[in-house]
Amino acid sequence: MEKKKSPLIRVRNLRKEYVAGEDVVVALRDISFDVMPGEICCIFGTSGSGKSTLLNQLAGLESPTSGEVLIGNIPVSRLSENDLAIFRQRYLGFIFQSYNLMSTMTALENTALPLMFKGIDKKTREKSARAILKTVGLEHRLNHYPSQMSGGQQQRVGIARAFITKPKIVFADEPTGNLDTKTTIEVMEMIKGFAHKYNQTIILVTHEPELAEYATRVITLADGEIISDIKKD
């Protein structure tokens with residue numbers, strides 16, 4: 001008998017409130033769902049729907065007002081800042097809309113950075129960085145700085161940096177928001193390809209229906225609540 005897989009991410013009764021002057025803004029209302037290993041899960045919604053707040057909760061970047069997030073059996077929402085930093089280095093990768101590259105570092109150095117935090121020696125991490133930059137088609141840009149690269153090239157560096165440690169989960173926050181249509185397709189195919197190659201879980205946050213097409217599951221938010229949860233065959 002095949003062993004049943006356990007969820008990688010479990011979200012239970014998640015609520016997030018913000019105080020704005022004399023008002024209380026409810027960003028998330030009693031959110032609960034599971035994400036299985038290997039899913040490409042899209043958190044979809046318009047501006048103000050709560051999708052970015054939900055991403056911050058899943059990644060441990062903010063604490064919930066109530067409820068919890070577990071990754072594996074680790075209660076992410078209850079970890080200390082120090083333990084969270086260690087947890088993110090070990091298990092998570094991030095791709096940002098604004099690339100978030102270090103302007104004073106080359107493509108090679110930016111890509112290798114997560115390995116430095118893991119204590120891997122310079123020769124080994126640069127070898128790994130060269131290999132993954134070649135995979136994303138940037139072997140000719142190793143020594144270029146962000147200011148010397150196009151938006152699409154910078155995002156390829158961002159993808160290489162996110163995947164170089166082979167994290168269990170990669171969070172992609174509007175990863176193609178600053179890119180043209182052709183480059184958007186290239187970037188999303190790269191993300192999907194890495195996820196399948198390494199059996200990684202992707203949490204994709206977007207308001208663009210075209211990006212949701214790359215997901216195996218689409219959770220749609222409105223006013224801080226899940227209004228649909230569709231799994232694709």
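Modeller: Naming comes first: helices (H or I, at least four residues) and strands (E, at least two) are DSSP runs, numbered from the N terminus. This model is predicted: local features need pLDDT of at least 70, side-chain atom pairs count only at pLDDT 80 or more, and totals for chains, interfaces and linings use all residues. Residues are numbered from 1 along each chain as its sequence is written, and side-chain values use heavy atoms, with hydrogens and water left out.

Biologist: OK, what residue comes just after H4, and what phi does it take?

Modeller: That's Gly 137, with a positive phi of about 80 degrees.

Biologist: How do you know what span to expect for H4?

Modeller: You take 1.5 Å times one less than the number of residues. H4 (residues 122-135) has 14 residues and reaches 20 Å from its first C-alpha to its last, close to the 20 Å expected.

Biologist: Which residues of H4 are buried?

Modeller: Arg 125, Glu 126, Ala 129, Ile 132 and Leu 133. Buried means under 20% relative accessible area, exposed over 50%, and partly exposed in between (1.4 Å probe, protein chains only).

Biologist: What makes you say they line one face of the helix?

Modeller: Look down the axis of H4: the buried residues fall within an arc of 130 degrees, so they line one face. The arc is taken from the directions from the helix axis to the C-beta atoms. Turned away from that side are the exposed Lys 123, Lys 127, Lys 134 and Thr 135.

Biologist: How do you know that Asp 121 caps H4?

Modeller: A polar contact is a pair of N or O atoms within 3.5 Å; within protein, one must be able to donate a hydrogen and the other to accept it, and residues adjacent in sequence count only if both atoms are side-chain atoms. A side-chain oxygen of Asp 121 lies 3.3 Å from the backbone nitrogen of Lys 123, at the N-terminal end of H4.

Biologist: Why is helix H1 called mostly covered?

Modeller: Of the 8 residues of H1 (residues 51-58), 7 are buried, among them Leu 54 and Leu 55.

Biologist: And what makes S9 largely enclosed?

Modeller: 5 of its 6 residues (217-222) are buried, so the rest of the structure largely encloses the strand.

Biologist: How do you know that S9 pairs with S3?

Modeller: Pairing takes at least two bridges found by DSSP between the strands. S3 (residues 40-44) and S9 are joined by 4 and run parallel. S9 also has 6 bridges to S10 (residues 225-231), running antiparallel.
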